[in-house]
Amino acid sequence: MPDVTITVNGKREVRSVETRTLLVHFLREQLRLTGTHVGCDTSQCGACVVHLDGRSVKSCAILAVQANGSEITTIEGIGTEEQLHPMQEAFREHHALQCGFCTPGMIMRAIDLAIRHSEADETTVRRELEGNLCRCTGYQNIVAAILAGAVAMRPHV
Amino acid sequence: MYQFQYHRPKNLAEALDLLAQDGDAKLLAGGQTLLPTLRQRLAAPSALVDLAGISELTGISTKGELLSIGAMTRYIEIIESPLVQATLPSLARAVALVGDPLVRNRGTIGGSLANNDPTADLTAAALAMHATFVTDRRSISADEFFVDLFETALEQGEILVRIEFPLPDRAAYVKFRNPASRYALVGVFVAEVHGDIRVAVTGAKAKVFREHAFEAALQTEFSAKAVKGLDVGTTGLIDDLHASAEYRANLISVLTRRAISAAMIGSHRGA
Ligand SMILES: Cc1cc2nc3c(=O)[nH]c(=O)nc-3n(C[C@H](O)[C@H](O)[C@H](O)COP(=O)(O)OP(=O)(O)OC[C@H]3O[C@@H](n4cnc5c(N)ncnc54)[C@H](O)[C@@H]3O)c2cc1C
Ligand code: FES
Ligand code: FES
């Protein structure tokens, strides 16, 4: 089994993996970071979104060996229980979840979206959220939360 | 997923060697099609040869009236490229309609074209603009590249290196999405390249194709009116649970007219 070195949430991890291990399984089963979810087996739902070198990606459509040498951020790496990330706080504030299964992927996508489109309006948010499915909320509150979270994330001048 | 070996060659020569040694090895680009396929055990390659570290397959540049895009260029890089936006905005717009933003952060132009999915978007762009496919050993014209359902002119062990797009005088792509998969139910790319008008249709047959009757009419007069009333017929059109052949035939006409209008109001380089 090949060794990989992957920096996850700032911590350098050196592990042996099977070549066929998907990044999402590496995170969940080898590192026990179970915040990243698996919602489908066709790469369509976005429950598994993490940041790979700063871009949001579906961790079920990447092999752990492909991520060798890169930096990953998961939902566990963005805030603490005492100090939520502004986007997490916005989701809490706007009641942007029901069962919560899609939430980690939504938040990771939302953070990337907010960084790239700091002035995002509702149309942009909905368009940029096309790869994330939610079966509970109807998206209304998710969109409201992301709009508020994006404002909270703007660098203060 | 079945077991396989994994290689990350440093250059094109090494990748070609790996393919030559193992006839069951497969190339891995963005993995957005290949990995879901492996995950469902629909394929069992002996090895994956990851193209991610090969600099010969990257880069966007212009050479006179040609825009050259490396096979491993990711969709997001094409969308964000100031060079593509300035020289071939219709392509940047078509790429922005592929899948979803997460797919676009990983998927590559070479992977999409080599895959030749009958409902892919960029196949229509390449065919309409008469692109040239440069491989490790030869150049293939778009008219020859797309052979059949998921089949291209690429030989066993051949690697697509870059795609060269002649810059069109005007061009536009209009897509009607399958709302569930986001692939094209039908997509039409219209382009005028050095006075030659080409209309490429994706999503409607086993592979992307040119609608010659429309091209002939547009050659006489480039306007939506010129193709109005021309019957595309239903011969060979896909007829499935997503849409009937008649519905697709109608979409081809409607989307072609929209693409023509978009190309006409667009800048000289299209839409
Ligand atoms: C949810 C979802 C939605 C999607 N929606 C769309 C859509 O709307 N429109 C659309 O067009 N596509 C869509 N796709 C497919 C996506 O565009 C893929 O990225 C693309 O089809 C394949 O590109 P890739 O880089 O991921 O290639 P991979 O999956 O890595 O490879 C695809 C195939 O091409 C071969 N290959 C790759 N590179 C080369 C090369 N340089 N030379 C020779 N052979 C090579 C591989 O061996 C493999 O057989 C979607 C995918 C998903 C998961
Ligand atoms: S688990 Fe559904 S997209 Fe990754
Ligand atoms: S809150 Fe249940 S899937 Fe989104």
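Chain A is divided into domain 1 (3-77) and domain 2 (86-156), with bounds that come from an automatic or database domain assignment. Residues are numbered from 1 along each chain as its sequence is written. In this predicted model local features need pLDDT of at least 70 and side-chain atom pairs count only at pLDDT 80 or more, while totals for chains, interfaces and linings use all residues.

**Arrangement and buried area**
- The centres of domain 1 of chain A and domain 2 of chain A, taken over C-alpha atoms, are separated by 21 Å, and the contact (heavy atoms within 4.5 Å) takes 17 residues from domain 1 and 14 residues from domain 2.
- Between them the two domains of chain A bury about 1200 Å², of which 58% is on carbon and sulfur atoms; buried area is the accessible area (1.4 Å probe) that two parts lose on being put together, summed over both.
- A:His37, A:His51 and A:Ile75 supply 37% of the area that domain 1 of chain A buries against domain 2 of chain A, which is more than any other three residues.

**Polar links**
- Seven residue pairs, both at pLDDT 80 or more, are in polar contact across the interface of domain 1 and domain 2 of chain A; such a contact is a pair of N or O atoms within 3.5 Å, where, within protein, one must be able to donate a hydrogen and the other to accept it, and residues adjacent in sequence count only if both atoms are side-chain atoms.
- The count of salt bridges between domain 1 and domain 2 of chain A is zero, a salt bridge being a side-chain nitrogen of Lys or Arg within 4 Å of a carboxyl oxygen of Asp or Glu.

Conventions:
Chains lettered and ligands numbered in written order. Heavy atoms only, no water.
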